[in-house]
Amino acid sequence: MSHALRISLLLGVATAALLLARTAPTRPRRTMRPGQAHKIVVIGAGFGGLEAARRLGRVPGVDVTLLDQRNHHLFQPLLYQVATAALSQDDIASPVRGILAAESGVEVLMEEVTGIDTRARQVVCHARRVPYDTLVIATGSQPSYFGHDAWQEAAPSLKDLDDALTLRQRILSAFEQAAVAEHDAPERDRLLTFVLVGGGPTGVEMAGSIAELAHDMLSHDFHGIGGMRARVVIIEAGPSVLGHFAPDLSARAADDLRGLGIEIRTGTEVTDIQPGTVHLGAETIPAGTIIWTAGVTATPVAQWLGVKPAHGGRVRVNADLRVPGHPGIYVIGDAALAFGTDGKPLPGLAPVAKQQGRYVAGAIRRRLRGRTRPRPFGYRDYGTLATIGRNKAVAEFGPIHISGFAAWVAWAVAHIFFLIGFRNRVLVSAQWLISYVTHRRGGRVIVPQAPSIRPRTG
């Protein structure tokens, strides 16, 4: 396929995705009946929480309060592109108040939840207590270092914009510092070694993006400095990268990664991480940038509710996503341990959270109408995708497996479509097209990160 034809195809599919997303129907505002409102509190403005709040805000006789410690919704699947200078932070984040501006029945509060008083039916925050009749918890997940929390400073994870911007500063600074260390070959090699601990989708996509960034920067921005070569290493304890994909797609992804010059160390466990060093038993890898992409655990919802945490710290829920013993409380998204029709736990993916948010809104609406037995939640799997780099991706749609350019286009269209807001879809489409044509990234500006206003508590 010629380069011009590929660009034309990209323009066509991006335009189609934008038009399809733009034509989504709008609903009129509804008028609240004062003094008769059923109080619903939604914790978390991620995919599931936002979907639930949007739909519940349109229900007559319902008063919805959305709580989140940040004022924006973040499209986490593209967070790694902010960290590698492919996109800016505004491209993948949207103010929650702007998203819900048309929903007059939703109040948005920027508050950090610290607990839940189930007896008093109140959500406990730093500055207030928020009463509820029905509670929807969609707080997502947080990084898990499997008992080695001391590794966090040396190997930061990638869960929010602060993480992405900090990593971008480290990655870009590594090239600048390596250019200065002209006569110190070992230090230059260390600075230009990037180690990713974990070979899941985040680790694979991040590794591919770093490898392409390094190639483009070293060939364009540092072409006058000889001897600079980047080394990207993925360390995976399991037998393969993208282990939840079909074996043929996992093998294809590994081949594509190696084609980008990325080292893959499968069946290898990290025994220690110190600043600038990764230990693999007796082997040591000096590295200027270490990124943790190995695992996550649920936010402390089980602790808030006083229930026993299930696998990964999640809260086990019934088939209707309610917490056993707490009929007025729903848990969705990464914080919930829910099962599919095949009896397997549902993955922590954005489509799962969105469908659960939609389901919970409908279930609550039916309960308020007196229909107390909603159908069990059933997840509809539209497929799984992961990108490795330019023109390289894998996609699994049930028995249909595709890879290469076709899978990469499918991945790009899906991500454009699921972005929140027409503005973000346009910006991301434009950025990707420009980067595809020019092989350059526009976010290569190093800005030191100021400390957060509040420390994160999970």
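This is a predicted model: local features need pLDDT of at least 70, side-chain atom pairs count only at pLDDT 80 or more; totals for chains, interfaces and linings use all residues.
At what angle do helix H6 and helix H8 pack, and how many Å apart are their axes?

1. Packing of H6 and H8. Helix H6, spanning residues 161-180, packs with helix H8, spanning residues 201-220, at an angle of about 35°. The axes of the two helices are 11 Å apart, and the crossing of H6 and H8 is right-handed.

2. Residues of the helix contact. On the H6 side, the contact is made by Leu-167, Ile-171, Leu-172 and Phe-175. H8 contributes Met-206, Ile-210, Leu-213, Ala-214, Met-217 and Leu-218. By class, the residues of this contact comprise 10 nonpolar, no polar and no charged.

3. Salt bridges in the whole structure. Side chains of opposite charge can pair when their charged atoms come close. A search of the whole structure finds 15 salt bridges; selected pairs are considered in the following points.

4. Arg-358 and Glu-51. These two residues form a salt bridge in which the closest N and O atoms are 3.4 Å apart. Arg-358 belongs to helix H11 (residues 350-368) and Glu-51 to helix H2 (residues 47-56), so the pair ties together parts that are 307 residues apart in sequence. Arg-358 is partly exposed, at 34% relative accessibility, whereas Glu-51 is buried, with a relative accessible area of 8%.

5. A network around this pair. Glu-51 and Arg-358 also belong to a network of salt bridges that links them with Arg-55 and Lys-354.

6. Glu-111 and Arg-128. The side chains of Glu-111 and Arg-128 meet in a salt bridge, at 3.4 Å from N to O. Glu-111 lies in the loop between strand E5 (106-110) and strand E6 (113-117), while Arg-128 lies in the loop between strand E7 (122-125) and strand E8 (129-131). The pair thus links distant parts of the chain, the two residues being 17 residues apart. Which of the two is buried and which partly exposed? Glu-111 is buried, because its relative accessible area of 6% is under 20%; Arg-128, at 40% relative accessibility, counts as partly exposed.

7. Asp-117 and Arg-129. A salt bridge joins the side chains of Asp-117 and Arg-129, with an N to O distance of 3.2 Å. Asp-117 is in strand E6 and Arg-129 in strand E8, so this pair ties together parts that are 12 residues apart in sequence. Asp-117 is partly exposed, with a relative accessible area of 24%, and Arg-129 likewise counts as partly exposed, at 45% relative accessibility.

Technical notes. Residues are numbered from 1 along each chain as its sequence is written. Side-chain values use heavy atoms; hydrogens and water are left out. A salt bridge is a side-chain nitrogen of Lys or Arg within 4 Å of a carboxyl oxygen of Asp or Glu. Helices (H or I, at least four residues) and strands (E, at least two) are DSSP runs, numbered from the N terminus. Buried means under 20% relative accessible area, exposed over 50%, partly exposed in between (1.4 Å probe, protein chains only). Axes are lines fitted to C-alpha atoms, for helices over the stretch in contact, and angles run from 0 to 180 degrees between N-to-C directions. A crossing is left-handed if the near helix is turned anticlockwise from the far one by less than a right angle, and right-handed if clockwise. Contact means heavy atoms within 4.5 Å. Ala, Val, Leu, Ile, Met, Phe, Trp, Tyr, Cys and Pro count as nonpolar, Asp, Glu, Lys and Arg as charged, and the others, Gly among them, as polar.
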